[in-house]
Amino acid sequence: MSVVSTSVATAGGEIISSRRSAGVWKQVAKRLRGDALGMASLVVVLAFVLLSLFVALGWVASGWSVESAVPYAPPDFLGPDTSPALKIEQPTGPMLDLSSVDPLAPHYADIDKRAKELATAAKPKLLTLPFGADRSGRDVLLKAIKGSEVSIFVGLAAAVVATALGTFLGALAGFFGGIVGDVLEWFYNVFTAVPGILLIFAFAAVLGRGIGTVVVILGLTGWTSVYRLLRAEYIKHSTREYVLAAQAIGTSRATRMFVHILPNVSHVILVQMSLNVVFFIKAEVILSFLGLGVPIDSVSWGTMLNEAQAELILGKWWQLVAATVFMAVFVTAFSVLTDALRDALDPKLR
Amino acid sequence: MVPTLIGVVLLVFFLFHFFGGDPAVIIAGQGANAKQVALIQQQLGLDKPWWVQLWIFVKEVVTLNWGRSWATNEEVSHIFATRLPATLTIMVPLTLLQVLLALPLGLGVAYVRGSLTDRAVMITTTVALSISFLVYVIIGQWLFGFELGWFPVQGWSQNTGYNLIRYAPLPVFLAVCVSLAPQTRLYRTFFLDEIGHDYVRTARAKGVSEKSVMLKHVLRNAMIPILTDLGTGLPSIFIGAFLLEVFFSIPGLGREVLLAVNRSDYPVIQAFTVYLAVLTMVVNLLTDIGYKLVDPRVVLK
Amino acid sequence: MTTLLSIADLRVSFKVGKEQPFEAVKGISFDVPVNGTLALVGESGSGKSVTAMSILRLLPVTAAISGSILYQGSNLLDASSERMRELRGRDISVIFQEPMSSLNPVFTVGDQIAEVIRLHEHLSRRKAWQRAIELLEEVGLPEPKQRVSSYPHQLSGGQQQRVMIAMAIACKPKLLIADEPTTALDVTIQKQILDLLARLRESHQMSMLFITHDLAVVGDIADQVVVMEKGEIREQGPVQAVFHAAKHPYTQALLSCRPRLDVRPRRLPVVADYMQGRILDANAPQRTPRVDGEIVLEVRHLGKRFELKDGLFSHSYFDAVKDVSFNLKRGRTLGLVGESGSGKTTVGLTLMRLHKASAGEVLLKTESGPKDLLKLSEHDMTALRRRIQIVFQNPYASLNPRFTVAQILTEPMRIHNIGGNERERLELTAAMLERVGLSPGALWKYPHEFSGGQRQRIAIARCLTMRPEILICDESVSALDVSVQAQVLNLLLDLQDEFGLSYLFISHDLAVVRYISDEVMVMNGGSIVEVADSDTIYRDPQNPYTKRLLESIPKGLQGLAIPAVA
């Protein structure tokens, strides 16, 4: 026998994998590495995701709800608010002596003594914060960071749910056709007949607020676009000759659907999932803005924008800017990454 | 169309029946005792088995009799009828402007594909898309309404004409600004797809000028995916319209639904969901007919 | 002056991303004669199409062209865009390979023809429309007055090509460039279009630059020929001179490796033979068809009906296969020939249960007697699948792009429990690859790293891993270049001798079928119209359809001697 059989026989598994030539994903990674803009956006996205992870573990921004500053404290670079409106005029003149009519008068000495024993050091409220404070004196920067954890988590989780659901149903509909396809098409038509926002509202009305609920709502309403695409892809691939060949050698239907065809449509799934992430983040922001998203004890870019609406008229712009900038940077980076991924997947892989 | 409608009815019923809170409890309000709740349940027919309730629901849908809002006691059908005009006053100009502006923009960008202009436009639109719609409205309202005072920040009147001139411009303008970016990108993709087809090479081989290739050959063929997008996108125009109504206090369908959601006003939400599903299906039908005008290969069943 | 267009030192390269530009044409020169036909011949990748497209500068923007194309005294490559637009459609026109996609689907045929007329001749709409009808009549489109307002999708492939031709000759061009205009058409239609082109060329006194890969066509219609390979010219000159006394080994190879109707060598010569100067015996005994043998597969009254839903309640149906019966003998090849839509591919797919048959029996000989494949359960069928396998037409679609060759080849072995463990299986596949002429190092590569011919070999190897008895070749060589085709056909013949395989060879190409088959069945409209051994069917066809098919085959290569040595 020839050289190869020797290497196969002697080295078994090791040699096999190390001699494998560049598959699809290796080539994609190589092309991506050559795309400067794509790599930059990848770094930004990873930074955000890492940040969110730290927030979730409690290492960062755990004190976001602490009211550490005066209300509407300006950002550090602006300096403390010295406008006269915050100063309250102290009345001048001697204090009246009401001890003759005051029922508590004899006890004041006692109360003062007790108060001194139990005195807690009240932390003085800060006059400025790195990027300002909101109406309750909470740090805007910490809120934005915490908000990114919420929004990114919701975006990713909902995208995974919607994509998984859409892929599975699309595969079934595209591969089998017939009755199964018709039933799923009917299902799809029902879900798309109701305008998306209305469906989300209806689900929200019924299921209430909460991060988990938002993920469920967005996932259950967002599967339709993935379904449409995957169904078309599966219809296209099911009649391709490599699938017929797989049938000819005797593979089962499940094998054909998920071992043969799925890897060939994985790039479509990936791109669609990325698009969904962006869409779901924006949707979550809107839902939270309207009070249908995160619970009251949590913060999201959406709740920040809600507060910012009233603040703008008062001339307090920092919460609006913080939420907008954080969101814009992440979403732009993610969109650019998606475009770069699309380009890297493009040549000769369709 | 009919099977889909049946599906929507079933979806709405099961969603609200099995996952929603007990309507009797909601109506009775806080501080009601068990006897009061039981009484309301009886009145609403909630003590009957679910298939009877489903039948009642179906009857309501068919006869368009939805009862009254739990919050305001206004007849639901009346609510729908009076709020629809306001939504349309925003929606129709919005849709028209969107398409009419995105077409030349998309065409223009496709014409200069690969050039610096193309790239600059793509980058701008990417960044523009990453900013939430909310931010545009907040800043827009503040800038044009509050600071510059060109438009009223909120408000509506009984006169449609007056609405169009005074109250509609700001919300429509902001919505068009926001949607221009994604629409232009989408249309650009359609045009670029068509340019890659063989018939474009044939046209060039005949001596057709590049301008004519774009405006005559490509545009005509691109109308097919554009029409598809318009048809499928029409229901989602509702999204923008709804949010605008909330921001600008326009008494339209969207604002009404949001109020209903916050008040758990089930009859209103259910009715609107079904009504709008029907509207969507009618629009789809019209789109299919529109197809026939644009694509000679289509055979209507 | 006998030269219309003169090409000198033409170079075309394409920029592909950040890598080195790809040189498609590497400095070629030839002249297109006035009032004559020059054929540009080559296989895929030869650069023939790129050369023709650069005349009218119809290449994508990533192309860099240098050299000179002299027409009427000036270099077309230096001409302004306006000048080019003037020339296009008026002095020089083009017809393309795929008429369906080359015509604009949303405009009527009349509009599209009128467009080119109005662009160059400034006629009114009505006059242009009239002229369009006249042109349609000239190109032989039936019912031109009605057809002029139809849309492209309402016409057949041949009719669409006639429309393209009408558009091209509308302004009486001096040069017509025809880029593989008949490759996508059935052979009977091909003959009609070729005759039409020759007639028009004569009556309009045009020159024609005809691009093709088919040398037989060249022999029929061209005066001059230019043979290209990999972007360079290998040989050029008058057709008769080149055909009878080819100087370059590549040309000799191209001329010989195509199966011919009049001779049937034991083995087809391939390009490598000529390039390496091997001596071929011109007097070697020919292969003769063998019609004896034990029957391994018996097909009785096979039928396949496709149901078309016409809306909610009405059904129409279409019989792709009607009452087809035949016997396949051990170690023999049964050819199935027909044009597109004849149902031949459906027969193959239905036999394999890749389509569900509507009627009939497929009896496979087993130890426990003949079994009807169509009536077996899925489970029983899977066990028998290893005995009949199929090689598909499209080498680019029949291998899973995401699997390595090793995965592709070991999968069937795993399903049918061949080879005890993974290592044994890999050894077997390595051996199989060598058997089909590929190095075992191919195991670790992906399909996209191979050429079309190599992929077909991998597909054949995949079938062989199961040691089948019967192999269905469904247009298995139709998508391959002529020289590669010869290699794969030789391979198939060798494998048949070694393993005793029976072949059902399905193709539209009569020359190939005649070469490889012992018996030939002709199919038309779902039914078999004639069956005979492969000598008789060509010498003495009985059925009128068979006769028409045979007449349509280009005869340009008839009577050529096969050069014995390079």
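**Chain contacts and cores in a predicted model**

Trainee: Which side chains meet in a salt bridge at 3.2 Å, N to O?

Mentor: This is a predicted model, in which local features need pLDDT of at least 70, side-chain atom pairs count only at pLDDT 80 or more, and totals for chains, interfaces and linings use all residues. Residues are numbered from 1 along each chain as its sequence is written, chains are lettered from A and ligands numbered from 1 in the order in which they are written, and side-chain values use heavy atoms, with hydrogens and water left out. A salt bridge is a side-chain nitrogen of Lys or Arg within 4 Å of a carboxyl oxygen of Asp or Glu. The pair in question is A:D339 and B:R185.

Trainee: How many salt bridges does the rule find across the interface of chain A and chain C?

Mentor: Between chain A and chain B the rule finds 1 salt bridge. Across the interface of chain A and chain C the number is 0.

Trainee: What percentage of the area buried between chain A and chain B do carbon and sulfur atoms give?

Mentor: Buried area is the accessible area (1.4 Å probe) that two parts lose on being put together, summed over both. For chain A and chain B it is about 3,500 Å². The carbon and sulfur part is 82%.

Trainee: How many residues of the side of chain A that touches chain B are nonpolar?

Mentor: Here Ala, Val, Leu, Ile, Met, Phe, Trp, Tyr, Cys and Pro count as nonpolar, Asp, Glu, Lys and Arg as charged, and the others, Gly among them, as polar. On this side, 6 residues are polar and 2 are charged. The nonpolar residues number 28.

Trainee: How many residues does the contact take from chain C?

Mentor: Contact means heavy atoms within 4.5 Å. Chain A gives 35 residues to its contact with chain C. From chain C the number is 40.

Trainee: Which residues have the most contacts inside the largest nonpolar core?

Mentor: A nonpolar core is a set of buried Ala, Val, Leu, Ile, Met, Phe, Trp, Tyr and Cys residues joined through side-chain atoms within 4.5 Å, where buried means under 20% relative accessible area (1.4 Å probe, protein chains only). The largest such core has 133 residues. Those with the most contacts inside it are A:F201, A:W301 and A:L305.

Trainee: Which helix of chain A gives the most to this core?

Mentor: Helices (H or I, at least four residues) are DSSP runs, numbered from the N terminus. The helix asked for spans residues 140–176 and gives 15 residues. It is α6.

Note on methods:
Buried means under 20% relative accessible area, exposed over 50%, partly exposed in between (1.4 Å probe, protein chains only). Helices (H or I, at least four residues) and strands (E, at least two) are DSSP runs, numbered from the N terminus.
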